[in-house]
Amino acid sequence: MPVKLQSFSHSGAILRNARVSIGRRRDLGVLPASLFMALFAVIPLLLVFLWSFYQRHGLWMAPPITLENYEVITSTDRLPVILRTIRVAVVTTGIALVIAFPAAYFFAYVANLRAKVILLAAFTVPFIVSPLIRLFALRAMLGRTGIVNLIAMGLGITREPIGWLLFTDFSIYLGLLASYLPFSLFPIWLALEGIDRRLFEASADLGGKQWHTFVYVLFPLALPGIFTASMFMFVSIMGEMAASLILAGAGKVLIGNMLLNVIDTANFPLASAISSLVILFMVFLIAAGEVFFRISSLFTPFNR
Amino acid sequence: MHNKNSDLFDVRLDNVSKIFGKQYAVRDLTLSIYKGEFFTLLGPSGSGKSTVLRMIAGFEEPTSGVIYLGGEDVTHVSPNRRPTSTVFQNYALFPHMNVAKNVEFGLMVRGIPKSQRSKQVSEMLEVVQLGDKAERNVRTLSGGEQQRVALARSIITQPTVLLLDESLGALDEKLRKEMQSELKRLQREVGITFLYVTHVQEEALSMSDRIGILAAGRLEQVGTPEDIYYRPRTRFVADFIGGANLLTGIGRRVDDHRVEVRIGEMKLHVDQASATIHEGNEVVICIRPEKISLGPAAVGMENQMAGSIEAELFKGVAYQYQVRLSIGHQIRAQVPARIEGSEVLVGWNSSDAIIVE
């Protein structure tokens, strides 16, 4: 056997974050998106705000500047619709978070890859069907002769068909949840996936019980996802028309329906005023979030 | 069950094995770590050293065997009920908390009153020299500072054993040297048993009271740094620590303290009283590069042969040479001064060579 001579040299490999740049002017990449948003999102927003102070003029609008549109909102039954929509949005978002969080937790920490794929499909495939069709299907299910009532009566839970299933607040909430639940699930899921698991080990290692880890580590680190989920839900519901149109009874309209009616009568200044109020409310929400929860700090990336 | 050796040992592993899938990560490991000791588990990646650490911390349960901490059987005890604390490889600091809150965490979950907590935290931060950084966001700290936060966060819980998982690995060379002495200082200051895991032999040699060498899930040797370095028991240890020269030949015991090893025509001698040598069997001898002399310095040494220099490497404090021996083998020699010419005399003393398994 020949003499074997070996030499190991263990230079402790130091892993460093390498920042790879593509081309020299990385910053230029943001230009198309910024231009697009400036042209087609920010300018219309400012126009809407400006128009809210105009007056009707034939089928269009014109100065002088006036507060008349805002007075109309407060003095007619427009305001209750706005407040009602906010209430519906808050409640639906709350319910969605309560349902989505445990599901997201399951996705992130419990499910294996196979279960993830199946669940992901279950949450996304229904969305290839038009929302209108889905909502009509829901209406058919919830009606007096719908499948829910048939089963309830068949099982003897009720003698008469249940009336409050359709054209009520219940059906609105159900319709909105059916439409938007995935939008609250995914951001929370992604936030949970992004948390370094070793932080949970560190918590346990330092003597933390499971609820300590949940309250002081997992939940705070999931907040960016929870906030994003809330914003998705909230913004969507503030502009929703279909669910209320198809599932709500008379007088149960949301802001979206009201806006459409106002635009139908060519009262663009009033429509602008209503929209401006909604925008102001959203800005107020974000500002409050910043003051009380320091939302902006949640978006700074975490060191791994 | 109370262990009779509990006064002596903080950590005791009794025949511990861990199987992942069908693979043994750790196999039949028996190991005792003394109270207040700085013990290092040293091994290449994949040797199972991190698994051992995770089993002691409670993140993994052994497939078989028993783990004692401070005399208590903790084999099936969850991590939050164990008197251990881990300094993770990436530190695992809570990114949403500032320095003080990170350090405070272990006290908070123990329900210690707020006023007492802040007092202990500021004391602890002084110990790790971060007193002025209490309110800083941990994300804005340098690697060395993060490391000190992680240490403070663990030590403040007064663990029986502090487990350090390649904790210096992410630091640059200079900082690592500084933190090595910092760690030693801290360990003396707080008097806690340290169990350090690393693949860097130089770290192990400079910091540890004792070292355990792991290879493929088995403990190869346990001993003081000097033991491990000068008296490696196995070929693996000799090679892994300091890259020793290994030569294989046919052994024969000459007398009570001398063994003769024949490689081809060449007869080498090794001073070794302990090893049992069966005549005619293959033995492996190990010679450290710095124990080999070249040129005039080799004159008069007990083992001598001709060699030719194939490569030279300046190492600062010494020169390292790759030498082709007349018997055909290549060795490494580390000498204090530069050697002129390429044909040299190579020599070493019989007492500087050892026989390894």
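Mentor: What follows starts with the helix pair and then widens out to the chains.

This is a predicted model, in which local features need pLDDT of at least 70, side-chain atom pairs count only at pLDDT 80 or more, and totals for chains, interfaces and linings use all residues. Residues are numbered from 1 along each chain as its sequence is written, while chains are lettered from A and ligands numbered from 1 in the order in which they are written.

Take the pair itself. Helix α2 of chain B covers residues 99-108, and helix α3 of chain B covers residues 114-127. Helices here are DSSP runs of H or I with at least four residues, strands are runs of E with at least two, and both are numbered from the N terminus. The two helices pack at about 125 degrees, and their axes lie 9 Å apart. Axes are lines fitted to C-alpha atoms, for helices over the stretch in contact, and angles run from 0 to 180 degrees between N-to-C directions. α2(B) and α3(B) are therefore oblique to each other. Angles under 35 degrees count as roughly parallel, over 145 as roughly antiparallel, 65 to 115 as roughly perpendicular, and the rest as oblique.

Now the residues that touch. From α2(B) come B:Ala100, B:Val103, B:Glu104, B:Leu107 and B:Met108. From α3(B) come B:Arg117, B:Gln120, B:Val121, B:Met124 and B:Leu125. Contact means C-beta atoms, placed from the backbone, within 7 Å.

Chain B also holds an open sheet. Its four strands run in the order β2-β1-β4-β5, with antiparallel pairing. The edges are β2 (23-34) and β5 (72-73) of chain B, each pairing on one side only. Two strands pair if DSSP finds at least two bridges between them. β1 (residues 9-20) of chain B and β2(B) share eight bridges. In one of them, B:Lys18 has B:Val26 of β2(B) as its partner.

Step back to the whole of chain B. The chain has eight helices and 20 strands. Its C-alpha trace spans about 75 × 45 × 35 Å along the principal axes. Of its 357 residues, 44% count as buried. Buried means 20 or more other C-beta atoms within 10 Å of the residue's own; exposed means 12 or fewer, and partly exposed is in between, with C-beta atoms placed from the backbone. Of the contacts in chain B between residues at least 6 apart in sequence, 64% join residues at least 24 apart.

Last, chain A. Its secondary structure comes to 13 helices and two strands. Buried residues make up 28% of its 304 residues.

Technical notes. Two residues are in contact if their C-beta atoms, placed from the backbone, lie within 7 Å.
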